[in-house]
Structure formats: C-alpha cells, structure tokens
Amino acid sequence: MAEKLADPADDLLSKVAARVRDGELTRQEAAQMGVLLLIAGHETTANMIALGTLALLQNPAQLALLRDSDDPKLVAGAAEELLRYLNITHSGRRRVALEDVEIAGQVIRAGEGIIMPNDIGNRDPDVFPDPDRLDVRRDARRHVAFGFGVHQCLGQPLARVELQVVYGTLYRRIPTLAAAVPIEEIPFKHDGQVYGVYELPVTW
C-alpha cells in the first residue's frame, strides 16, 4: 500500500490507495482491503483447484465423466458440485438474532448468537440427496459455498469462470494425471481462513 501511495499505477490497489489520499479510507483499512482481495481473490480459487483435482483423483469415475466430455454444461455443473462437496471456507456465518425466530423447529431467542457453517448446509440431505457422494452430474446450484442473499461473495462470477476453465481443460490436457503420493501424505491446511492443501504432488 505504501508503494501504491507513493507511485500509483493503473491497478486495483492504486485505486484503493487513491481513497486513502482522498480521506475515504485509513491506510490500515486500505491494507486490510488488500489482504482481503488477496485471500478472497487468489487463495480461495487456488485451493479450490487443488482440492477439486484431489477429489476427482479420489473419484476416478467422476473424473472420467469430466475428462471425456466437451459439454460446457457438464463442466459448469461439475464446478458447482465441487464447490458444494468441498466447501473451502470453514468459518461459518456468525449472527445474533434481533428477535425470536424459529428455524426447523428450533427457537432462537433474541440476543442469542448462532453460527451457520456452509459445509453443513451443503451436506443437507433434504436439499442434496446422498450428500457425501461426489456426483458431477448433480444439480448443485443451490449450494451456499459463496454465501447467501445479500452476503454473497462478490467474486463468484470470476471464480466460476476460473474453475470451469481449469476443470474443463486440465484433465483433457493431461489425461493420465494421478496423485504422486497417498492421500495420507498430503499436507492439508487446517490453520487458516481458507481450507486447502499446502501441496498436491502429481504425476502423469
């Protein structure tokens, strides 16, 4: 942010820095916005690509369906199903009830806090039959991987395009792609805001 304040260019961080110069944001707020853009705009997609690849390698019949098809609808549906199945954000939505509300027979009193994890919503058997099974032909468009209502991820159209390009290209480009180590040896990220893998060794 200091660099962009001193020497602005034609990029997004320079536009954020301009708001600091105009007094609309503090330097700390601008820096936090930059971190958010990095995490939300890169970490999420990069981890989703790696986890999606791992999930498909663990489900070879599903991988074959995707690899052997040039149907863009199947690729788009597979991206949605992988978003539902994997769910890389494990923090959940935290809310406080403003008034008494009943949800699925459970009364939440005014002032009580609730946490709504996406991964539980995406495995709801009333919405997604046999939810623990990966099925790239499933209609998974009602998943909540990007949030819900007004609290949806602003970057979801870009993320969807990126995932569709990768999932529709990688496995046809490298049809013999395989995991190079057993899943037990893959280091998973359990210590950050975005779930994923630190590395995914592959061979072909």
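This is a predicted model: local features need pLDDT of at least 70, side-chain atom pairs count only at pLDDT 80 or more; totals for chains, interfaces and linings use all residues.

Trainee: Okay, at what angle do α3 and α5 cross?
Mentor: The axes of α3 and helix α5, which covers residues 72-86, cross at roughly 95° and come within 10 Å. An angle from 65 to 115 degrees counts as roughly perpendicular, and α3 and α5 are therefore described that way.

Trainee: And which residues in α3 and α5 meet there?
Mentor: From α3 there are M48, L51, G52, A55 and L56, and they meet L82, L83, Y85 and L86 in α5. By class, the residues of this contact between α3 and α5 divide into 8 nonpolar and 1 polar, with no charged ones.

Trainee: Switching topic, which residues make the nonpolar surface patch?
Mentor: The patch is made by L12, L13, M33 and L37, and its area is about 320 Å². Two or more of its residues are given by each of α2 (12-21) and α3 (27-58), and L37 is found in helix α3.

Trainee: What about α4 and α7, how far apart are their axes?
Mentor: The axes of helix α4 (residues 60-67) and helix α7 (residues 156-173) lie 9 Å apart, and the two helices pack at an angle of about 100°. That makes α4 roughly perpendicular to α7.

Trainee: Which residues meet in that one?
Mentor: On the α4 side they are L63, L66 and R67, which meet Y167, Y171 and R172 in α7. The residues of this contact of α4 with α7 divide into 4 nonpolar, no polar and 2 charged.

Notes. Residues are numbered from 1 along each chain as its sequence is written. Side-chain values use heavy atoms; hydrogens and water are left out. Axes are lines fitted to C-alpha atoms, for helices over the stretch in contact, and angles run from 0 to 180 degrees between N-to-C directions. Helices (H or I, at least four residues) and strands (E, at least two) are DSSP runs, numbered from the N terminus. Angles under 35 degrees count as roughly parallel, over 145 as roughly antiparallel, 65 to 115 as roughly perpendicular and the rest as oblique. Contact means heavy atoms within 4.5 Å. Ala, Val, Leu, Ile, Met, Phe, Trp, Tyr, Cys and Pro count as nonpolar, Asp, Glu, Lys and Arg as charged, and the others, Gly among them, as polar. Patches are made of residues with over 30% relative accessible area and no salt bridge: like charges are joined within 9 Å, nonpolar side chains (Val, Leu, Ile, Met, Phe, Trp, Tyr) within 5 Å. Accessible areas come from the Shrake-Rupley method with a 1.4 Å probe; for residues, only the protein chains shown count as cover. A salt bridge is a side-chain nitrogen of Lys or Arg within 4 Å of a carboxyl oxygen of Asp or Glu.
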